[in-house]
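Trainee: Could we take a close look at just one part of this model together? I'd like to go through it slowly.

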Amino acid sequence: MSSQEVRLRSTVAGFTAEGRLHTLSIWFILALRLMMGVAFFQSGFEKVLSGSFSASGYLQNAPPANGSPVADLFVTMGNTAWFVDFVNVAVPWGEVLIGLGLLAGALTRLAAFWGAFMMLLFYLGNWEISHGYINGDFAYMLVFLSVAAFGAGRILGLDAYVEQYEISGQPLVERYPWTRYFLG
């Protein structure tokens, strides 16, 4: 088994962070992608199969009961019939599609973005800060963002092949650089 360290360097807003990443880390990045894929696929699949998922009660009751700082927004969403109908479809099918995307490593950054967005909403809706501001929902949001940042779909995933698909003799991501926001 061969392993080494890879140097990383990034500058954002004038601040530079540097470090070294062990090449065995690739397996942990893959594990994070697959873990979140299984978790979201399973959660969404169970909701779809039950056919009885409804977000109305949650939106109207949970955030006010737990003191969420955006409780009024959630109550308004829960009292808006068309929005509840949308959420009743978007949550279960969103979880299924995010899970499938992560499991297959296809459109990974897009899937991870929407997973992080859902976890942000769950974090705000499930507001539980008695043990601090960091809880499971917040941690899952950061895992999704890590999966996206590391381009985890390139690790034994379909994104590695899609990115190299040639169009007029040029790899897709070179011909259309904006696709990097969805793939990887």
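Which residues in H5 meet which residues in H6?

Mentor: Quick ground rules before we start: this is a predicted model, where local features need pLDDT of at least 70, side-chain atom pairs count only at pLDDT 80 or more, and totals for chains, interfaces and linings use all residues. Residues are numbered from 1 along each chain as its sequence is written, and side-chain values use heavy atoms, with hydrogens and water left out.

Now the pair itself. H5 covers residues 108–125 and H6 covers residues 136–149; helices here are DSSP runs (H or I, at least four residues), numbered from the N terminus. Their axes come within 8 Å and cross at roughly 165°, with each axis a line fitted to C-alpha atoms over the stretch in contact, and angles running from 0 to 180 degrees between N-to-C directions. That makes H5 roughly antiparallel to H6, a label for angles over 145 degrees. The crossing is left-handed, meaning the near helix is turned anticlockwise from the far one by less than a right angle.

As for who touches whom (contact is heavy atoms within 4.5 Å), H5 brings Thr108, Arg109, Ala112, Gly115, Ala116, Met119, Leu120, Phe122 and Tyr123. Across from them, H6 supplies Asp137, Phe138, Tyr140, Met141, Phe144, Leu145, Val147, Ala148 and Ala149. By class, that contact has 14 nonpolar, two polar and two charged residues; Ala, Val, Leu, Ile, Met, Phe, Trp, Tyr, Cys and Pro count as nonpolar, Asp, Glu, Lys and Arg as charged, and the others, Gly among them, as polar.

One more stop: Glu163 sits in helix H7 (residues 159–164), and its C-alpha atom is 26 Å from that of Met118.

Key:
Helix = DSSP H or I, 4+ residues; strand = E, 2+ residues; numbered from the N terminus. Parallel < 35°, antiparallel > 145°, perpendicular 65-115°, else oblique.
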